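Trainee: I'd like to learn how to read this model feature by feature. Could you take me through it?

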Amino acid sequence: MTEPTAERILIAYATTDGHTKRICDRMKQVMEGLGRPVTVALLAEAGALDLNSFERIVIGASIRYGHHQPLVTEFIGRHQALLESRPSAFFSVNIVARKPDKNTPETNPYCRKLLKSIRWKPRLTGVFAGKLDYPRYGFFDRQMIRFIMLITKGPTDPTAVVEFTDWGQVEAFARQVCEITA
């Protein structure tokens, strides 16, 4: 007698500075710990995969200057029928989610804006606070982000590296993805 095959999960992501990939990798660890085979891929490369071979699909995307990358909505629009045909999830990574009143899909302005702009209704949505890494940014980005942080009462020290991510929340989301019912 053969064992049933575990459901394959795709986590496709768009990132600006790499932190969204770290979040995806943590999710993969959790999911694989639950016996689920997981593929993590850049969203730009995910379309080349056999998307039908995945029973669950998760899309993760970071914010820069108030917007998800256009690639995110393009991918979702192109694969909407597939995403709707199986358990699927979406999460957004942004610094504003560091604030308790902006850290859920219902209260996060960027997640709300994206979900209103697309027809796909993921079965599970999440929002995670990202990472601020001033030394890694170029001069223009560092100044712009410092200005945004000044306005929003965040860290402005140009040497600061601050990780706001709640890793327990990320791990809980990964477990929830595995529990979504068809």
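Mentor: Let's begin with the naming of elements: helices (H or I, at least four residues) and strands (E, at least two) are DSSP runs, numbered from the N terminus. With that scheme, Lys153 falls in the loop between α6 and β8 (161-163). Residues are numbered from 1 along each chain as its sequence is written. This is a predicted model, where local features need pLDDT of at least 70, side-chain atom pairs count only at pLDDT 80 or more, and totals for chains, interfaces and linings use all residues, while side-chain values use heavy atoms, with hydrogens and water left out.

Trainee: Is Lys153 buried or exposed?

Mentor: Here are the cut-offs: buried means under 20% relative accessible area, exposed over 50%, and partly exposed in between (1.4 Å probe, protein chains only). Lys153 counts as exposed because its relative accessibility is 77%.

Trainee: And what is the phi of Lys153?

Mentor: The general idea comes before the case. Most residues other than glycine have a negative phi. Lys153 has a positive phi of about 60°, although it is not a glycine. Tyr65 is another case, with a positive phi near 55° in a residue other than glycine. Tyr65 is found in the loop between β3 and β4 (67-68), and Tyr65 is partly exposed at 33% relative accessible area.

Trainee: Which residues form a nonpolar patch on the surface?

Mentor: Patches are made of residues with over 30% relative accessible area and no salt bridge; like charges are joined within 9 Å, and nonpolar side chains (Val, Leu, Ile, Met, Phe, Trp, Tyr) within 5 Å. Accessible areas come from the Shrake-Rupley method with a 1.4 Å probe, and for residues only the protein chains shown count as cover. In this structure, the nonpolar patch consists of Tyr65, Phe140, Met144, Phe147, Ile148, Leu150 and Ile151, and together they have about 690 Å² of accessible area. Take Ile148 as an example: Ile148 sits in helix α6 and is partly exposed, with a relative accessible area of 33%.

Trainee: Now salt bridges. How many does a search of the whole structure find?

Mentor: A salt bridge is a side-chain nitrogen of Lys or Arg within 4 Å of a carboxyl oxygen of Asp or Glu. The search finds eight of them. In one, the side chains of Glu7 and Arg36 meet at 3.5 Å, N to O. Glu7 lies in the segment before β1 (9-14) and Arg36 in the loop between α1 and β2 (38-42), so the pair ties together parts that are 29 residues apart in sequence. Glu7 is partly exposed at 29%, whereas Arg36 is buried at 19%. Glu7, Arg36 and Arg56 are linked in a network of salt bridges.

Trainee: Where do Glu171 and Arg26 lie?

Mentor: Their side chains meet in a salt bridge at 3.0 Å, N to O. This pair links distant parts of the chain, with Glu171 in helix α7 (residues 167-179) and Arg26 in helix α1, 145 residues apart. Glu171 is partly exposed at 24%, and Arg26 is partly exposed at 23%.

Trainee: What is the volume of the largest pocket?

Mentor: On a 1 Å grid over the protein atoms alone, a pocket is an open set of points with protein on both sides within 12 Å along at least five of seven lines, and lining residues have an atom within 4 Å of a point. Grid points are joined across faces, edges and corners, and a volume is the space filled by probe spheres set on the points. Here the largest pocket has a volume of about 500 Å³. It is lined by 28 residues, and the closest to its centre are Ile63, Arg64, Asn94, Ile95 and Lys131.

Trainee: Which elements each supply at least two residues of that lining?

Mentor: They are α1 (19-33), β3 (56-64), β5 (88-94), β7 (131-133) and α6 (139-151). The lining divides into 11 nonpolar, 10 polar and seven charged residues.

Notes:
On a 1 Å grid over the protein atoms alone, a cavity is a set of points where a 1.4 Å probe fits but cannot get out, and a pocket is an open set with protein on both sides within 12 Å along at least five of seven lines; lining residues have an atom within 4 Å of a point. Ala, Val, Leu, Ile, Met, Phe, Trp, Tyr, Cys and Pro count as nonpolar, Asp, Glu, Lys and Arg as charged, and the others, Gly among them, as polar.
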